[in-house]
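Hello,

Here is the structure we talked about, with the sequence alongside. Please open it first; my notes follow below.

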Amino acid sequence: EAGVAQSPRYKIIEKRQSVAFWCNPISGHATLYWYQQILGQGPKLLIQFQNNGVVDDSQLPKDRFSAERLKGVDSTLKIQPAKLEDSAVYLCASSSTVFDTQYFGPGTRLTVL
Amino acid sequence: RKEVEQDPGPFNVPEGATVAFNCTYSNSASQSFFWYRQDCRKEPKLLMSVYSSGNEDGRFTAQLNRASQYISLLIRDSKLSDSATYLCVVISVGGSYIPTFGRGTSLIVHP
């Protein structure tokens with residue numbers, strides 16, 4: 001079974017630039033999550049989708065971050081414009097249901113200069 | 001008070017030692033609990049789910065104490081390869097089911 005795919009793996013940008021991350025979940029998984037993990041901290045949930053609907057985005061900085069999950073499969077997370085404090089690893093995860101094991105992709109390591 | 005709290009450690013133990021971590025949660029309506037393992041610069045991977053009756057998988061034992069609102073992870077006969085960060089995850093009900101991760105506990109097993 002193929003795992004969660006993410007791209008790019010690494011991204012370096014300057015502040016005020018835009019960046020987009022892509023995630024392809026495990027086939028058949030209805031729930032998709034985007035997390036931000038800053039060094040030394042646990043993953044922080046940014047947004048949770050159930051199929052193509054948003055379940056929770058209470059911790060998503062909506063003035064600069066946006067996410068979508070078209071057709072309930074792939075998802076993209078965008079940051080526009082980026083700030084220095086956005087430097088982190090962005091993890092995508094998926095699960096069959098909200099109660100099941102989450103499977104994580106390898107993450108995208110973002111550095112904002 | 002944070003929703004999910006863990007002692008960040010590091011816990012520095014010799015091979016063969018037994019070590020235990022706790023994770024406290026504040027939402028009494030929490031429904032599901034998990035322990036994940038995260039190696040340096042890698043993604044988190046499920047270690048084990050935590051059931052009300054407790055569960056064991058080889059050298060690892062997880063327990064849930066709903067009255068005191070914490071979960072625990074016990075590792076017996078520690079191996080060098082157990083060195084990692086251990087993250088607890090709590091899924092709470094608040095209109096929908098939302099996962100919250102602790103900051104993780106770092107374990108270093110030395111020869």
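How many helices and how many strands does chain A have? Chain A has zero helices and 11 strands. Bear in mind that this is a predicted model. The radius of gyration of chain A is 13 Å, close to the 13 Å from the globule rule for 113 residues, so chain A is as compact as a globular protein of that length. Its C-alpha atoms fill a box of roughly 35 × 25 × 25 Å along the principal axes. Of the 113 residues of chain A, 46% count as buried.

Next, the cysteines. A disulfide is a covalent bond between the sulfur atoms of two cysteines. Over all chains the count is two disulfides.

In chain A, a disulfide joins A:Cys23 to A:Cys92, with 1.9 Å from S to S. A:Cys23 sits in strand 3 and A:Cys92 in strand 9 of chain A, 69 residues apart. The torsion about this S-S bond is about -70°, so the disulfide is left-handed. A:Cys23 is buried at 0% relative accessibility, and A:Cys92 is buried with a relative accessible area of 0%.

In chain B, B:Cys23 and B:Cys88 form a disulfide, their sulfur atoms 1.9 Å apart. B:Cys23 lies in strand 3 and B:Cys88 in strand 9 of chain B, so the pair ties together parts 65 residues apart in sequence. Here the torsion is about 60°, so the disulfide is right-handed. Both B:Cys23 and B:Cys88 are buried.

B:Cys40 is exposed, with a relative accessible area of 72%.

Regards

Key:
Residues numbered from 1 in each chain as written. Chains lettered and ligands numbered in written order. Predicted model: local features only at pLDDT ≥ 70, side-chain atom pairs only at ≥ 80, totals over all residues. Heavy atoms only, no water. Helix = DSSP H or I, 4+ residues; strand = E, 2+ residues; numbered from the N terminus. Rg over C-alpha atoms; globule rule 2.2 N^0.38 Å. Buried < 20%, exposed > 50% of the residue type's maximum accessible area, 1.4 Å probe, protein only. Disulfide = S-S within 2.5 Å.
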